[in-house]
Amino acid sequence: MLSISGVTKKYRKTLANDNISFAVGDGQIGILLGPNGAGKSTIIKCITGLLRFTGRIEIDGFENTSLEAKRRLGYIPEMPAVYDLLTVEEHLEFIRRAYKVEDEAYTRQLLERLELWDKKDKLGKELSKGMQQKLSICCALCHRPRVAIFDEPLVGLDPHAIKELKAIFRELKQSGCSVLISTHMLDSVEDYWDVANIMIGGRFAATCYNDGREGQDLEDLFFQITEGQKPQGGAL
Amino acid sequence: MRSALGYLTFTKLKNQIKDLLRSPAKLIYVVVMAAVLALSVMGRSGQELEEPMALYNLTAIMTLFYGFMFLMILATGGNSAKTPMFTLSDVTLLFPAPLRPNRVLAYGLMRQLGLSLVMALVLVFQYGWLKVLFDITWVHMALIIAGFALCIFLAAFCSMAVYVYTSGKENAGTVLRSCVIGLTVLYLLWMAWSCRDALLPLLSGSKDYTAALESCAGFLSRFPGLLFPAAGWAAGIVGGILTGDTAMVLISAALCVALVVVLLVLVITCKNNYYEDVLETAELAQSNVTAQKEGKVNEVVPKNVKVGKTGLHKGWGASALYYKHRIENRRSGVFFLSNMSLIFVAIVLLMSFFMRAAMEGDATAALIACFAMGTYMQIFSEALGRFNRELIKPYIYLMPEPPLKKLLYAVKETLISDVFEAIVLFVPVGLIVGAGPLDIVFCVIARVSFALLFTAGNILVERVFGTVSSKTLVMFFYIVVLLLMVLPGVAAGAALMAVLSSAVSEALGLAGLFLGMAAVNVGISVLVMYLCRNLLQYAELNNR
C-alpha cells in the first residue's frame, strides 16, 4: 500500500507539487499522467525519499524514509542508474547484498526474462541505453519490493522487453504489490491500470478509476482533461 | 545576409555574455575571481626584487610549462571531452547541413582558438609572483597568456589530426603515443647532455643547484632547446618578443604556421571527411556537459577496462558499498592511489628536493613547507573520491540501512586510500628533507587527520549546499568551508608548539604542531560527520 497525503514540494518560488494526496492499494496499478513539467517525476522522487517535502508519504504503513519503507520499495528512475565499472551480474549482487537478500534464483530469472543473462559479464558502461534501462528494472525488482515505482519505464526498451515488462506489471499486481507508473505512453498501460491520476501544474486535475466499464479510453480522458474539455465516460 | 556560421558564432557569443549578466552565480564567481586576482597582485606589490631575474629564465619556464600542458593535452586526447572542437549540436546541425566541410572545420578551429584563450586566462593569477621575480608588465602577461592559448590550440589541433589518423587502426594510437614519449625522452636526454657540465657535479654530491638551473634555463630559452614541437615554438614567439630577439620570433612563428598548415592538410586530405571522427568526442563532451549541469561528477573511466575477477563476494547491508568501491577502483586502474593523487605525490616529492636545497638543511621548515603544499593539493584530490561519485546514483539513498552506517562505509575506501597515500608521500619526503622518524610519523598522522577533515568537509558541503544549482558556487563554498574547517587545527597546532617548553620541543620535534592539528581535525571531522549523519536519508537530489 502506497499512501500520499498532502504532499507539497517547492523549488524556491516554483510550486512543483501542490498538496497532493492519493493512494495505490495492495495489488493495484496506479498511473501518473500529465504533460511535461506537470510534477510527475517530482512526486515520484518525493515518494522514493530523494527529495524533501511537506506532507506524509507511507509505504506499507511506514514513513517513506524509514528503513522498513526502504526495504519494501523498488524504484526505476527515468534515467537508467548503472555503475560504469560493475558488470551486470555484479549490479544485482550488490543490490542483493545491500538489501540483505539471498535469493539468487529470482535475480537470474529477471535477467533471463529481460534478455540480459547472456550479458551478465558486460560492464555497465558497455550497455546500450535500453539495456541499462533493463538492468535498472532488474535492480529495482530483485529484492521483491512491496511497492514498485516506475518513472517512464518503457522509454528505450525493445518490443520484447516492453512485452515482458507488461507481464511483470501484471505479476506484481497479482502478488499484491502496489505499482505506480509514470508514463506518456498511454496505450501501453491501457489494459491493466486501476487508478489513473492526471497531473497539470503540480496538481491533480483528475483521478480516474478503472471499473471495467466500456468506453473508458485513457487517451481520450487524458486529452479531454489536459486540453480543457469536460471528460466523457470513465469514473471521475 | 550573414553566413550561417558567422551568425552562429556571433549569436552564441552574444548569448554567452547575456547569460553571464543574467546569472547571479556566474557574476559572483567573476567578481570573486577578480577580487582574488587583485589581492594576488596587490599583496605582492612592493616585493619586487631590486635586480629582477633575466627574462630568458621566463622563456625557459614557459617552454617547460607549455611543454607539460602540450603533452598533457595530447595524452588525454586533446580534442578532449572538456573542450571539444565541435559540440554535439555542431555535429547534429552543421555536419548534415549543405556547408563545405572545410568551412565547418575553420569554424571549429576558430571556436577552439577562442576556448584556448579563455582557458589560458587562468595564467593571470600568476602575475603576482612573475611581477616580483621578473618585473613584468601587463603587456608581458598578455603575451604569456596568448602564447599559452596558442600552445593549447596547437595541442588540440595535433590531437585531432592524430585522432583522425589513428581511429579505426588498432595499433596506430599506441605507436604514436610511443613516438611522442620517445621524442620527449630524447629531448630531455638532449637537455641533460647539453647541460652535463653543470648537472654531473650534482651526482657526485655537489650542492650547486644554481649553476644546474641556470644551465637548464639557458638550454630551454634558446634554439635548439626551443625546438620542442608547438610548446617550444609558442614559448619562442613570446620569449623572443620579451627579449627583443626578432630572429627567434620569426623562426618560432614560421614553425607554428607550418605546423598549422601541415595539420590542416592532414585533416582535410586524410579521409573524405572528419565528421565520423569527431562524433564520438562530441557525444562524450555532451554527456559531460549534461553531467556537469546536473551536478554529477563524471568519472574518467578507462576506455579499455580489464574486468578481471567478477563478483563482490563480501559485504552485507551497508558494507556492500565498500566492496563495490574496491571493484570499481581495481577496474579504473587505481591501486589505492588515483592518477591525480599520484601526480600530486610526484609534485610534492619533487618539491621536497627543492625545499631541502632552499631551506639549507632546516629539515623542519622543509617538512612543514611540503606538508602545507601537500595539504593544499589534498583539497582537490579529496573532492574526487568515490564517495562523491556514489552520491549521484540513487542506490545509496534507497538502501535500507541506517544513514550513518552507509555514510561510514561509503567513505571507508577513501579513508584507507588516504592512509596509504600519507605513508607513500611523507615517508620519502621526510627522508629526502632529512626529518627524524618521529616527525615523519606525526606528519603522516596529521595528513590522515586532514584527509578525514576534508572528507567531512565534502559531506558538509553536500548536506548544506547540495541543493545549490550552480556547481561553480558549490565548488566555491567547498573551498571556503574547507579553509574554515582547517583554521582551528592549524591554530591549535601552532598554539601547542608555542606552549611546549623548548626542551620538550627538542625531544619531540614537530609533535606539538602535528598532533595538535590532528587532534582538532579529528574532533571537527567526527562532529561534522555526526551532525550530517542523515545526509543519506533526507537527500535533496532533484537532478539525481
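This is a predicted model: local features need pLDDT of at least 70, side-chain atom pairs count only at pLDDT 80 or more; totals for chains, interfaces and linings use all residues.
**View 1. Strand β3(A) pairs with β9(A).** The pairing of β3(A) with strand β9 (residues 195-200) of chain A is in the parallel sense and extends over four bridges. Within this pairing, the residue of β9(A) that stands opposite A:L32 is A:N197.

**View 2. Strand β3(A) is also joined to β8(A).** Strand β8 (residues 178-182) of chain A runs parallel to β3(A), and four bridges join the two. A:L32, which stands opposite A:N197 in β9(A), has A:S182 as its bridge partner in β8(A).

**View 3. The residues of β3(A) are buried.** Strand β3 of chain A spans residues 29-33 and is mostly covered, with five of its five residues buried. In a regular strand the side chains alternate between the two faces of the sheet. In β3(A), A:I29, A:I31 and A:L33 point one way, whereas A:G30 and A:L32 point the other way, and all are buried.

**View 4. Chain A touches chain B.** The contact draws 29 residues from chain A and 32 residues from chain B. On the side of chain A that touches chain B, the elements giving two or more residues are α2 (67-71), β6 (73-76) and α3 (88-98) of chain A, and α3(A) gives the most, with six residues. Sorted by class, this side of chain A has 14 nonpolar, 11 charged and four polar residues.

Notes
Residues are numbered from 1 along each chain as its sequence is written. Chains are lettered from A and ligands numbered from 1 in the order in which they are written. Two residues are in contact if their C-beta atoms, placed from the backbone, lie within 7 Å. Ala, Val, Leu, Ile, Met, Phe, Trp, Tyr, Cys and Pro count as nonpolar, Asp, Glu, Lys and Arg as charged, and the others, Gly among them, as polar. A residue is buried if 20 or more other C-beta atoms lie within 10 Å of its own, exposed if 12 or fewer, and partly exposed in between; C-beta atoms are placed from the backbone. Two strands pair if DSSP finds at least two bridges between them.
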